Amino acid sequence: MLQWFESLVPRFQTAFVEGDRWQLYLQGLGTTLKMTVIALILGVCLGLVVAVIRTAHAQQRPNRRNPLLGFINILCSIYTTVVRGTPMMVQLLIWSFVIFATSRNKVMVGIIGLGINSGAYVAEIIRGGLMSVDIGQSEAGRSLGLNYFDTMRFIVIPQAFKTILPSLGNEFITLFKDTSLVSAIGAAELTYYASRIGGRTFDYMPPLLGIAVMYLVIVIIFTWLQGKLERRLRQSDRR
């Protein structure tokens with residue numbers, strides 16, 4: 001066992017130290033974090049719009065149905081069903097080799113694919129949070145003269161925020177790990193550089209094991225921050 005561990009030292013040195021290859025890992029990690037943040041922002045914006053539309057349609061009175069809102073709701077329902085019902089890998093391949101077949105900016109393509117995929121899940125997270133707020137809150141806002149969107153912005157969404165925040169944190173962690181799929185379309189992120197270095201050294205174990213530890217450490221940090229934020233929210237509720 002000791003000899004086996006001793007044999008790993010030069011292999012890891014070759015994968016991380018020689019030729020300043022550690023810089024490639026840091027560059028890939030930076031791209032991975034950037035993709036995660038931008039894709040989540042895109043997903044939250046898209047998911048918020050879809051969630052508000054679907055919630056508005058669900059809360060309509062039976063005798064006052066808006067046909068245009070109904071049509072948009074059908075489109076939103078198709079979007080969430082298709083995106084959540086197909087693998088992310090397939091979606092990324094379609095974005096890269098079909099829709100943006102001529103684009104060389106694979107990071108941008110990956111961000112779009114990840115953001116639109118995340119938007120479908122965020123939409124259901126936000127919709128669940130909005131629907132959990134008592135309908136009386138919306139009626140109170142209407143009685144004060146607020147329209148539907150002002151009622152959502154000033155009354156419903158702030159109350160639903162505490163409910164949906166933990167789920168959004170989990171979505172961020174999931175999205176961070178799913179960025180590894182973008183290497184399949186040639187985007188230069190963390191997994192891409194690990195595979196590239198493994199191909200150069202003809203030894204895939206050290207770089208892949210190394211980035212697995214990097215993913216794990218960052219996920220642990222994000223989970224700790226999320227737990228700390230949730231505890232603060234619970235303390236504010238008690239006050």
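Is C76 buried or exposed? C76 is buried, at 8% relative accessibility, where buried means under 20% relative accessible area, exposed over 50% and partly exposed in between, with a 1.4 Å probe and protein chains only. The structure is a predicted model, in which local features need pLDDT of at least 70 and side-chain atom pairs count only at pLDDT 80 or more, while totals for chains, interfaces and linings use all residues. Residues are numbered from 1 along each chain as its sequence is written, and side-chain values use heavy atoms, with hydrogens and water left out.

The cysteines come next. A disulfide is a pair of cysteine sulfur atoms within 2.5 Å, and the count by this rule is 0. The cysteine sulfur closest to that of C45 belongs to C76, and the 15 Å separating them is too far for a bond. C76 is likewise in no disulfide. C45 is partly exposed, its relative accessible area being 47%.

Helices (H or I, at least four residues) and strands (E, at least two) are DSSP runs numbered from the N terminus.

Helix α1 spans residues 2-16 and contains L2, which is exposed at 62% relative accessibility. L2 and Q91 are 89 residues apart along the chain, and their C-alpha atoms are separated by 45 Å.

The aromatic residues remain. Rings of Phe, Tyr and Trp (its six-membered ring) pair if their centres lie within 6.5 Å; planes under 30 degrees apart count as stacked, over 60 as edge-to-face and the rest as tilted. This rule gives 7 aromatic pairs. Among them is the edge-to-face pair of Y192 and Y193, with 5.6 Å centre to centre and 75 degrees between the planes. Y192 is partly exposed, at 27% relative accessible area, whereas Y193 is buried, at 7%. F172, F176, Y215 and F222 form one aromatic cluster.
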